[in-house]
Amino acid sequence: RVRYVTFATGYNVVLNEWMAAKRYDLKRGVNIDVVNSYSSVSNYYNDLTAGTFDLGIGSWDTFAQRYLAGVPLKLVCTINNYDILRVVALEGGPASMKDLTGKTLGATLSSGAYRIMKLAARDFHQIELEKQVKVQNVESPAAAVTMVMGGAIDAGQSWEPNISVGESKEPKLRSIYNLGEDFLKNAGFAMPYFGFALRKEIAEKYPGVGQKIAASMTDCINGVMANLDEAVNLAAPKMKVDPAVLKKAFTSGRLVFRPGAMTDSTSRKTVKSAADYLTKNQVLSKPLDDGFFI
């Protein structure tokens, strides 16, 4: 049994509900037990750091940062790339990263997403966030969209299904920036984003459990992408969204799950290459060693 805590909202609910329905974990020999959910990103990472639960979902680079600071974490797998991360604004407002100069951007400052976008803004667009752009902290990507729609901020950093939900309520909402696309164009590689991290003591207590979790998540992701209508219909009521709106998150191309188990040498190499890039650009304090990976 592995204690897993999830986020109360967001695309992770799609994976949670599909796993609960199909129980790929039990078939692989591990019980991934959802014991709680959080709405605050910063509280979530802090409690994983404290060992309140065993398995967490989040940005791999945040896990890497904590690992390098001495937190006993191991990356199990990645589940998507940074192309899901967008900046949204209302029609008539900012239309590109360059247009954010002098404007207010809402973002979750404790997230890896913000650190990576800050790097991309500086290196690819010569814009210093917090200097040339006023940055306002928000506790969740859903809040960023709501604040844009309400006119409290000029633009917000968010991802699906928040963007599709926002579009369904406000047709003038627009995606003006794609972080993953920016990295592919300017750095030449796809930057991984969300993944699962396991506490080291659990990996040592139950040898092979990390590999079982990775296999379970790969099965789950492939199942969702192959059975999208069924997966959407399962998750939408839990997320309190219209199934058609949730499906649009996928069919728009803004939400794509891509399993990358760290048991796979190619997937591991992708993360290590991304880590080297972030170390070179001082986002990570030093290179990652093999101890970070299951």
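Helices here are DSSP runs of at least four residues, numbered from the N terminus. The model is a predicted one.

Start at helix α3, which spans residues 41-50. G51 follows α3, and its phi is positive, near 85°. Within the helix, the buried residues are V41, Y44, Y45 and L48. Seen down the axis of α3, these residues fall within an arc of 90°, so they line one face of the helix. Several elements cover them. Among these are the strands β1 (2-7), β2 (32-38) and β3 (55-59). Helix α4 (60-68) also takes part, as do β4 (73-78) and β10 (194-199).

Now turn to the aromatic rings. The model holds 20 aromatic pairs. One of them joins Y45 and F63, with ring centres 6.0 Å apart. Their planes stand at 80°, so the pair is edge-to-face. Y45 lies in α3 and F63 in α4, so the pair ties together parts that are 18 residues apart in sequence. Y45 is buried, at 3% relative accessibility. F63 is buried too, at 1%. Elsewhere, ring pairs link Y11, Y82, W159, Y193, F194, F250 and F257 into a cluster. Another ring has a charge over it: K22 lies over the face of W18, 4.8 Å from the ring centre.

Finish at G291. This residue sits in the segment after α13 (265-280). G291 is partly exposed, with a relative accessible area of 29%. Leaving aside residues up to four places away in sequence, G291 touches Y67, L73 and K74. L75 is 216 residues from G291 in sequence, yet their C-alpha atoms are 9.2 Å apart in space.

How values were computed: Residues numbered from 1 in each chain as written. Predicted model: local features only at pLDDT ≥ 70, side-chain atom pairs only at ≥ 80, totals over all residues. Heavy atoms only, no water. Helix = DSSP H or I, 4+ residues; strand = E, 2+ residues; numbered from the N terminus. Buried < 20%, exposed > 50% of the residue type's maximum accessible area, 1.4 Å probe, protein only. Contact = heavy atoms within 4.5 Å. Arc of directions from axis to C-beta. Phe/Tyr/Trp six-rings, centres within 6.5 Å; stacked < 30°, edge-to-face > 60°. Lys NZ or Arg CZ within 6 Å of the ring centre and 35° of its normal.
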